Amino acid sequence: MILGMFASLIAPFGGFFASGLKRAFKIKDFGHTIPGHGGFTDRLDCQFMMGSFSYLYYETFISSHNVNVGNILQTIIINLSGNDILQLVKSLHSYLYKSGVINEETYLKLIEILQ
């Protein structure tokens, strides 16, 4: 129902947006594949908007994102510098000790290794 409402009420304005874009660049048509009607893109301007909205709606409300340790580690490795990763390990190490997951002997050994 939501996709239908968007398709009928909002997506037709894709033509207006495309027209404004063409006017900004002072071109009449996006191409010449369909004589008298502009290019292929001129016929699909509403579909581009509808496709974008459908993808956004799916990713936001329907798709399930499974978070696991592998995904988190991959994100950490890609986005953090070496010093940031070391700081994260130290913080996790301290948290695990304070919450009682690791004992004092393990805590002290890890402090020695991380120094």
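What percentage of the 115 residues in the protein do buried residues make up? Buried residues (under 20% relative accessible area, with exposed meaning over 50% and partly exposed in between; 1.4 Å probe, protein chains only) make up 16% of the 115.

This is a predicted model, in which local features need pLDDT of at least 70 and side-chain atom pairs count only at pLDDT 80 or more, while totals for chains, interfaces and linings use all residues. Residues are numbered from 1 along each chain as its sequence is written, and side-chain values use heavy atoms, with hydrogens and water left out.

**Whole chain.** Begin with a cartoon view of the protein. Its secondary structure consists of seven helices and zero strands, where helices (H or I, at least four residues) and strands (E, at least two) are DSSP runs numbered from the N terminus. Along the sequence the pattern reads α-α-α-α-α-α-α. Of the contacts (heavy atoms within 4.5 Å) with a separation of 6 or more, 38% are between residues 24 or more positions apart.

**Phe6 and Phe53.** Next, display the aromatic side chains. The structure contains four aromatic pairs; rings of Phe, Tyr and Trp (its six-membered ring) pair if their centres lie within 6.5 Å, and planes under 30 degrees apart count as stacked, over 60 as edge-to-face and the rest as tilted. Select Phe6 and Phe53: their ring centres are 3.8 Å apart and their planes stand at 10 degrees, so the pair is stacked. Because Phe6 belongs to helix 1 (residues 2-9) and Phe53 to helix 4 (residues 45-62), the pair ties together parts 47 residues apart in sequence. Phe6 has 14% relative accessibility and counts as buried.

**Tyr97 and Tyr107.** Move to Tyr97 and Tyr107, a stacked aromatic pair with 4.0 Å centre to centre and 15 degrees between the planes. Tyr97 lies in helix 6 (residues 82-98) and Tyr107 in helix 7 (residues 104-114), ten residues apart. Tyr97 is partly exposed at 29% relative accessible area, whereas Tyr107 is buried at 19%.

**Surface.** Finally, switch to a surface view. The protein exposes about 9300 Å², of which carbon and sulfur atoms supply 65%; accessible areas come from the Shrake-Rupley method with a 1.4 Å probe, and for residues only the protein chains shown count as cover. Select Met1, Met5, Leu9 and Ile10, a nonpolar surface patch with about 470 Å² of accessible area together. Patches are made of residues with over 30% relative accessible area and no salt bridge, like charges being joined within 9 Å and nonpolar side chains (Val, Leu, Ile, Met, Phe, Trp, Tyr) within 5 Å; a salt bridge is a side-chain nitrogen of Lys or Arg within 4 Å of a carboxyl oxygen of Asp or Glu. Leu9 is in helix 1 and is exposed, at 53% relative accessible area.
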